[in-house]
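Subject: Structure handover

Hello,

Here is the structure I promised you. Please open it first, then read my notes below.

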Amino acid sequence: ERAERMFYQPGITYELMAQELRSAKLLLDEVLVLDPTFAEAYVIRGQTHYYLESPEQAYLDLDKAIQILPSFRRAYWMRGWIHTQDAQESLITTDGLHPDEEDLVHTAENSQTMRNPRAQELLRLAQADFEQVLRLADSDLDRSYAQAMIAHAQGEDVRAIQCWNRYLAVVCTDALSFRDRGDCYWGVRNY
């Protein structure tokens, strides 16, 4: 269901998508048997675990990637992103909303977060990961990206939009960043 929400395409069923993700995971398992120090493979498998509804396995793989290569920005970014997604799902679960209704959460997300210790902790972890991405950034573009993610994790959507605008002015083909900026616009109801 998580994968379907993230990658919906007309004509592609959840079952087909899940089958493809399971196949990818098996290939990544084989790759990691051959080279257990391949940090990028751990990140991709971690992302695959997340989409297959196994967040604990995702965190283990991302932690392993960071252990292997402590300067690997993508591993910190992915772990931070999963923390933010889990925080949002925690709010949905707490309030009894179905995940399809998650857009309703944006109207009072900050006040809900303050009442939800699990969401607070996940957002704190996400912020720490995004701050590490910022420390490791080697360009202004990377810093704008990391600053946007930090601001969004803190619920500062106006500041996040400004950072996304700087980033997307240069990298205008990054669909996920456009989606993330759209989430921020939705958060401030400015569209």
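Predicted model: local features only at pLDDT ≥ 70, side-chain atom pairs only at ≥ 80, totals over all residues.

Residues are numbered from 1 along each chain as its sequence is written, and side-chain values use heavy atoms, without hydrogens or water.

Of its 191 residues, 41% are buried (under 20% relative accessible area, 1.4 Å probe, protein chains only). The chain exposes about 10200 Å², and carbon and sulfur atoms supply 56% of that. Areas come from the Shrake-Rupley method with a 1.4 Å probe.

The helix pair: helix 7 covers residues 117-136 and helix 8 covers residues 140-153. They pack at about 170°, with axes 9 Å apart. The angle makes helix 7 roughly antiparallel to helix 8 (over 145 degrees, on a scale from 0 to 180 between N-to-C directions). Axes are lines fitted to C-alpha atoms over the stretch in contact.

Which residues meet? From helix 7, they include Leu-123, Phe-130 and Leu-134. From helix 8, they include Arg-143, Met-149 and Ile-150. Contact means heavy atoms within 4.5 Å. By class, this contact has nine nonpolar, two polar and two charged residues. Nonpolar covers Ala, Val, Leu, Ile, Met, Phe, Trp, Tyr, Cys and Pro; charged covers Asp, Glu, Lys and Arg; the others, Gly among them, are polar.

Best wishes

Terms used:
Helix = DSSP H or I, 4+ residues; strand = E, 2+ residues; numbered from the N terminus. Parallel < 35°, antiparallel > 145°, perpendicular 65-115°, else oblique. Buried < 20%, exposed > 50% of the residue type's maximum accessible area, 1.4 Å probe, protein only.
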